[in-house]
Amino acid sequence: MAQVTGLSASEVSARRQRGEGNDARIETSRSYKDILVNNVFNPINVILFAIGAVMIAIGRIGDAVTSVGLILMNVIIGIYQEIRAKRQLDHIALLTRPKITVLRDGQEQTVDPAELVKGDVIVVRAGDQIVVDGALVGGGKIDADESLLTGESDLIPKAAGSEVLSGSFCVNGTAMYEATRVGRDSFANKLTENARKFQVVHTPLQREINLILRLLMLLAVFIGGTVLVSTILSQLPFMRQVQMAAVIAGLVPNGLFFMVILAYAMGALRIVQRGALIQQANAVESLSNVTVLCTDKTGTLTANKINYQTVYPIGVEQSQLEGILADFAHSATATNKTSEAIVAGLKGTPRAIVDEVPFSSARKWSAIAFDNEQLRGVYVLGALEMLQAHLELDQAAQQQVEDWSNQGLRVLVFAHNPVVTTLHDASGEPALPGLKALGVVSFSDELRPHLKDTLAAFTRNGIALKVISGDNPQTVAALARQAGMPGDLKYVSGPELREMSEAQFKQAAEETTVFGRITPDQKEALVDALKSQGHYVAMIGDGVNDVLSLKKANLGIAMESGSAATRGVANMILLGDSFAALPPAFTEGQRIVNGMKDILRLFMTRVLYSALLIIAIEIIHLGFPFVPKHNALLVFLSVGAPTLALALWARPGPLPRSSMIREIAHFVLPAATTIFVFGLIVYIAAFYLGVNQLSGVDVTPQAIASFQTYTGITYDISAPSKYAAEVAQLIAQTSLTAFIVFSGLLLIVFVEPPTQWFVAGDEYSGDRRPTILAGGLLLIYFVIVAVDPLRTFFELMPLPLWGYLGIGLATLIWMLVLRVTWRRRWLERFLGVEW
């Protein structure tokens, strides 16, 4: 056989220049420019920033700060979160990056995987990773572990000419292989290239919030366009036009984005303390929507570790058989998971050996020859089907093998020949003599910690469980029963799926629980089939063969000990490979959704009554209901601070399968409609009371100048009618602000009813913290009204005590009307709908 020398330095350089190097780069995330543009220059932000700039230009710095400040904070948080995610994705390595031993110019050299080129001869030894595709050359032999690629746990023997694939490992032996596919062309890169690309998958909550925001943008555009035309026709001063534009643009609640980010961040923090690392912000909430949970077997349900169970003795006592078996395992010089399980389960003594054949996945047996007083002859441990030619097994023993196999146990036969003491023939090849069975040995796969409790919890929550594996479907089904999966588990194999039509495939995906001998492409297809039937699918995996299905799933969950590629594409990683974090994560997802429902109730109510008031007051030509500073104060007191607290105090609970928009409509529509009606009455009454108060009063230039200074008005209002209209409008705006503060704070109490009396628009919670918060915010409002510099900053007119009492009485009447409207479902009856 010709000596293998590898490439020369000049050949390596030439091949790299031809583009045959292993240095392909795959884009995994958006560029920094894309992140910046998408966060800063989305339409609503551009409008608000432009309005803020105009306000600064005309000297309304306070209005600019109150209108744009929260938006700027949201932008900064969004950019930070996306850059953090980008850096995580950019650091994903499809495979770990070990140093590689390569043969060049007849000498072994250590290089980085990126320095390899097509045609390089790579030396691989036990424990080494195959980093590029190739074929074995020379006389070496290895056993390769391809479980991360195929899902099958059996070792694959490789000899000269055999193909080896990137992503596999050399378990034993030494050989050389020539690189045939590198970079993008390698098997593992092709398998995961699509999976590694940056991808944002929105949850149902995010999709509904995005829909709401788009509808509100359309509403803001409609109202803004209408008001713009009206202001131009009425020749309204430019300052007022800008103020109106700021308020109308604020109808799109960008603060809602901040609440979502905050809820996700808190959920991730709580879950990492329970043993799960969140890699995509929405992963915790996503888990609460899952209807089907798919999981791999090897390395996922099981811990890639087997345990010795027991023996079935044949012609010897059990204790004697276990003693011989223990000495056999302790004497082996080459160990595998089976011998390690025996060593861990049985105490034995190492004996001197005269010959040995280590375990091979091709042979599926291992053997040791002894020649001493304690043990003499050949002893063999292996699979029955591989030893049948060398021994006979009675009917009882065969039945025991079948029974244990049906229970999901691994079963091996232990046999011996007391005369022969050699295990190789004249040519040096392994050879077995005739054998006599000593017993049957059973092993169990070690299940992941907390697995049974976790699967039981998901079953209780109505989540369907499916196991998708590369192993034998019968064995997988038996193991699934051990894991506590209920019912008569229906199983199907990959070859059977391959023969099915598309409709049959979808039906099998829906009805079958266990899938065996499944390829990576079939795993992805099964997830896709389940999603196409309306399921929200989570996939748990650990190997490269799971990557495509993890990315296809709505939620991908990886084991910490899994491959780098799997961890990289997963939304969530189970630290310590423990399932214990999943039930708390499911509960945390419920907490996020329930908290967001309360937050949406408050945001949507505010937006709807504000829009109605703007339209109505514009129609009756009584000015504009809000100035930017009033609006900022209302946003902070009625939705800003309360929604922040509701996000912190949210509680878990069952989630309805109906649309969230339909669910919150029962609260929002009656609340917004009644606030609009009563608010409009308060505004009109306050406006005309203000006009009547000023009628017949001599207006001095000093009074006009003082009012202009107080409000920051720069245009001419020297005419008595203009002055009266401006003062009456500010009185009406201040009165309306007071009413909305009172009613908005009461809505907080109705969102989280502390007593049964307040149960009307939402379910009873018994949590008094939101009510206490509402009281504290009301106190803050009274402080602002009472302290002259604060009242001046927010441009609030001083109202008489009887004015506040009248507004308070209107609020009380509104509260009683709203309570009755909710409880008797007047609006639903009128509309003929059921929410």
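**Close-up views of a helix crossing and a cavity**

**View 1. Helix α24 passes α28 in a right-handed crossing, the near helix being turned clockwise from the far one by less than a right angle.** The contact, meaning heavy atoms within 4.5 Å, is made by Leu633, Phe636, Leu637, Ala641, Pro642, Ala645, Leu646 and Trp649 of α24 together with Arg769, Pro770, Leu773, Leu777, Ile780, Tyr781 and Ile784 of α28. By class, this contact has 14 nonpolar, no polar and one charged residues. The model is predicted, with local features needing pLDDT of at least 70 and side-chain atom pairs counting only at pLDDT 80 or more, while totals for chains, interfaces and linings use all residues. Residues are numbered from 1 along each chain, and side-chain values use heavy atoms, without hydrogens and water.

**View 2. The axes of α24 (residues 628-649) and α28 (residues 769-786) come within 11 Å and cross at roughly 155°.** These axes are lines fitted to C-alpha atoms over the stretch in contact, with angles running from 0 to 180 degrees between N-to-C directions. The two helices are therefore roughly antiparallel to each other, a term for angles over 145 degrees.

**View 3. The second largest cavity has a volume of about 60 Å³.** A cavity is a set of points on a 1 Å grid over the protein atoms alone where a 1.4 Å probe fits but cannot get out, and lining residues have an atom within 4 Å of a point. To this lining α23 (582-619) gives the most, with six residues, and α9 (255-272) supplies at least two. The lining includes Ala263, Met266, Arg270, Glu588 and Arg591, and its residues divide into seven nonpolar, one polar and three charged.

How values were computed:
On a 1 Å grid over the protein atoms alone, a cavity is a set of points where a 1.4 Å probe fits but cannot get out, and a pocket is an open set with protein on both sides within 12 Å along at least five of seven lines; lining residues have an atom within 4 Å of a point. Grid points are joined across faces, edges and corners, and a volume is the space filled by probe spheres set on the points. Helices (H or I, at least four residues) and strands (E, at least two) are DSSP runs, numbered from the N terminus. Ala, Val, Leu, Ile, Met, Phe, Trp, Tyr, Cys and Pro count as nonpolar, Asp, Glu, Lys and Arg as charged, and the others, Gly among them, as polar. Angles under 35 degrees count as roughly parallel, over 145 as roughly antiparallel, 65 to 115 as roughly perpendicular and the rest as oblique.
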